[in-house]
Amino acid sequence: MDNYFEEQDYTKSFDINLWKKLIGFCKKYKKRFILLFLFMTSLAIVGAVFPQMTGYAIDNIVEARDLSTLPAFIAIYVGLIIFQSILVFAFIYIAGRIDADVSADVREAAFHKLQNLSFSYFDNTPVGWIMARLTSDTFRLGEIVSWGVVDIVHGIFTMLAFIVFMLFTDVRLTFLMLAVTPFLVIASVYFQKRILKAHRESRKLNSRITGAYNEGITGAKTTKTLMREQKNFEEFDELSSGMRRASIKAATIQAMYFPIVLSITGIGVALIIGEGGRAVIGNIISLGTLTIFISYVLQMSEPISEIARVLSEMQSAQASAERTVSLLESEPDVVDREDVIEKYGDFENPKPETWNKIQGHITFKDVSFQYKTGEQVLSHFNLDVRPGEKIALVGETGSGKSTIVNLLCRFYEPTKGQILIDGMDYRERPQIWLQSNLGYVLQAPHLFSGSVRDNIRYGKLEATDEEVIEAAKIVDALNFIENMEKGFDSDVGEGGGRLSTGEKQLVSFARAIIKDPAIFVLDEATSSIDTQTESKIQSAIFKILEGRTSFIVAHRLSTIRSCDRILVIDEGKILEQGTHKELLRKRGHYHNLYTNQFKKEAESRILGV
């Protein structure tokens, strides 16, 4: 299967529907936003009053040389400053709360989506891409949705307040100032397209860099053993250089945008000063009125720059928004029907009281399956497994063994045909019904950070300490656990790094067994442990499998000799089937596999390898 991931390219200059989806995260904070807008409106009005105060002081105190109103003027001015400070504190506090909450909501929504996506999504999507969505992109979106909205609304309210006061001051000068607005719009439209394109490329490369970090960390041992350090550095340097070039390009375009906006605004200010100065000389307006107007015009550049900055950042953030929304809108390939969910529940709201008990009769009925890449794995596959039967699947790598068990577990669903459990199509029940009755042990088990006890209990969260200990006893893991410093409370480390491969596998066996599943799947479960550990747990495992329908995908053929039936799989088809002895007597494909492996193991023992 081809797991190459090509990130989707995005082309829209500004997608209002995209932002509507993200603004939807703000609906639950509607009251906060209303309060925020009230504070910002008040702040804009207060800011517009200060130039009026200055004009009043010039005309009625300085020009009139009358100090009688000065104490009242100072008191009002100080009161406005205090009121303005309170408003600033309030809206910054509320905006900060919204920023933190919206970012958390986006992250939680993305994580929740990951829990519900099918295996195919993780097969085809790099970890680094997902990590970039959940970290830097969600943080960026939280900022723009909260602070961006605050800044752009504050800028608009401030401009409106200034324009209203300017119109009352002098209509002709106001329209002279507004004449430069079309040029600001033209500059914004031109630059926003170029800024967005540059930031999209930057975000795309950032995802690949995150992926490279992930591979560099998880593959550190392989890198050392293969001496790939220099090659890895060269590959990463190429990515990093590309990211640097894209970021510099985006920063350069953005750096050009702001001076142009300020220059256009400056031209408007120059026009106002020239025309207003002539009006003062001609005694058309007073000096105080001109001062008021100059103050408004100079301050007008601030909200214009604020709006321009937010629009520019929104162009940048849209690249993050597009990728985050693409994750949030990803749909799982395996979904339960609505009528099934209504009757039997789902992962979030299970209704176990409505579930029938699984007996373990499994039938693959004319099953075909192909991956999204088009690779056909199974074609008209048929198999009937009796309750409690132990089935072994053997064959070359890529023959379809793991696909068969993944279809059984409903991690994927057949492209054609049916899989029946106790005579019923398993799509007639929710996924949780099957998977809660499933014990699955992987070749490379994943342990979560925490104690040994917690990792075993992951198989059954309500399990008592006695049940945890009993599960460890069954797989013969009790001795090594009790010899650890804190016993069952010992920390396994990230990914189980403090345990040996065999010890991790024993914990994963205990985790599967404590669940008391009706169906067991062992996918190369003993291939990564030493033969001594394997023989140690083999008898216990087959004892546990007694009476349970089980599928064992095995590389070591010595582990499956006691199975009820062995299937030799090749290119998704059953070449041979029977017991170990029956297949050896046929002297066919299984006989060749077994004898060749037996010879290799014997040679290894003799040579001490």
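**Exercise 1.** Is Arg 410 buried, partly exposed or exposed?

*Solution.* Before starting, note that this is a predicted model, where local features need pLDDT of at least 70, side-chain atom pairs count only at pLDDT 80 or more, and totals for chains, interfaces and linings use all residues. Residues are numbered from 1 along each chain as its sequence is written, and side-chain values use heavy atoms, with hydrogens and water left out.

Step 1: Buried means under 20% relative accessible area, exposed means over 50%, and partly exposed is in between (1.4 Å probe, protein chains only).

Step 2: look up the value. Arg 410 has a relative accessible area of 2%, so Arg 410 is buried.

Step 3: find its place. Arg 410 sits in the loop between α12 (401-408) and β4 (416-421). Helices (H or I, at least four residues) and strands (E, at least two) are DSSP runs, numbered from the N terminus.

**Exercise 2.** Work out what the backbone angle phi is like at Arg 410 and at Arg 587.

*Solution.* Most residues other than glycine have a negative phi.

Step 1: check the two arginines. Phi is positive at Arg 410, about 65°, and positive at Arg 587, about 55°. Neither is a glycine.

Step 2: Arg 587 lies in the loop between α19 (580-586) and α20 (589-607). With a relative accessible area of 60%, Arg 587 is exposed, whereas Arg 410 is buried.

**Exercise 3.** Take the salt bridge of Arg 457 and Asp 465 apart.

*Solution.* Step 1: apply the rule. A salt bridge is a side-chain nitrogen of Lys or Arg within 4 Å of a carboxyl oxygen of Asp or Glu. Here the N to O distance is 2.4 Å.

Step 1: check each partner. Arg 457 is buried at 17% relative accessibility, while Asp 465 is partly exposed at 36%.

Step 2: Salt bridges that share partners join Arg 453, Arg 457, Asp 465 and Asp 489 into one network.

Step 3: get the total. The rule gives 15 salt bridges.

**Exercise 4.** Describe where Lys 390 sits and what Lys 390 touches.

Step 1: with 6% relative accessibility, Lys 390 is buried.

Step 2: list some contacts (heavy atoms within 4.5 Å). Leaving aside residues up to four places away in sequence, Lys 390 touches several residues, among them Phe 542, Leu 545, Glu 546 and Asp 564.
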